[in-house]
Amino acid sequence: MEQTFLMVKPDGVQRNLIGEIVKRFESKGFQLVGAKLMTITPDLAEQHYAEHKERPFFGELVEFITSGPVFAMAWEGENVIAIAREMMGKTNPSEALPGTIRGDYGMTVGKNVIHGSDSPESANRELGLFFNNDELSSYTKQD
Ligand code: CMP
């Protein structure tokens, strides 16, 4: 079954949005298979955002994501990578539609509440950066 990496960013944690965000993905039918509240080190932040290293906002991005705890999550379900991206909305909250997480709660392109993997390759890489295999618990629903 497909898995993705989602993370409530420091602004979302500080605004008490963890519960609301988890509820949206649970209600949609996805399964939470791993989660932890953690503060990202600069080294992990640079690895996680390596593809943005040359962007002018890279320093700001690393500074923000390490500024306070994040809630890192592994979610499982059919087509979860693409559907979670739809549920998050566009990166820039001013372009994100109402009803999406960033459309409803995002403030700026930097403080946009949530990160989600954008492809199977990213999901695999990001899950590996944030979780050990023994921290993920897939399970079958009991009738
Ligand atoms: P995320 O999905 O975490 O992946 C990369 C992040 O870079 C993105 O969300 C935005 O929060 C951030 N980002 C994109 N453009 C800018 C920008 N112009 N200034 C600051 N952060 C940005």
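Author: The largest share of the lining of the largest pocket comes from H4, with three residues. This is a predicted model, in which local features need pLDDT of at least 70 and side-chain atom pairs pLDDT 80 or more, while totals for chains, interfaces and linings use all residues. Residues are numbered from 1 along each chain as its sequence is written, and side-chain values use heavy atoms, without hydrogens and water.

The space in the largest pocket is about 540 Å³ (the volume filled by probe spheres set on grid points joined across faces, edges and corners). A pocket here is an open set of points on a 1 Å grid over the protein atoms alone, where a 1.4 Å probe fits, with protein on both sides within 12 Å along at least five of seven lines; lining residues have an atom within 4 Å of a point. There are 23 lining residues, and Lys9, His52, Phe57, Leu61 and Thr91 are the closest to the centre. Helix H4 (58-65), strand S4 (114-116) and helix H7 (120-130) each give two or more residues to this lining (DSSP runs, helices of at least four residues and strands of at least two). By class, the lining holds five nonpolar, nine polar and nine charged residues (Asp, Glu, Lys and Arg count as charged, and Gly as polar).

The ligand sits in this largest pocket, meaning that more than half of its atoms lie within 2 Å of the grid points. Among the residues around the ligand are Lys9, Phe57, Glu60, Asn112 and His115 (a heavy atom within 4 Å). This shell divides into four nonpolar, five polar and three charged residues. Ligand oxygen atoms lie 2.6 Å from a side-chain N or O atom of tyrosine 49, 3.3 Å from one of arginine 102, and 2.6 Å from a polar backbone atom of valine 109 (the cut-off for a polar contact is 3.5 Å between N or O atoms). On its own the ligand has 460 Å² of accessible area, and the protein covers 81% of it (Shrake-Rupley method, 1.4 Å probe).

Note on methods:
Polar contact = N/O pair within 3.5 Å; in protein donor to acceptor, adjacent residues only side chain to side chain.
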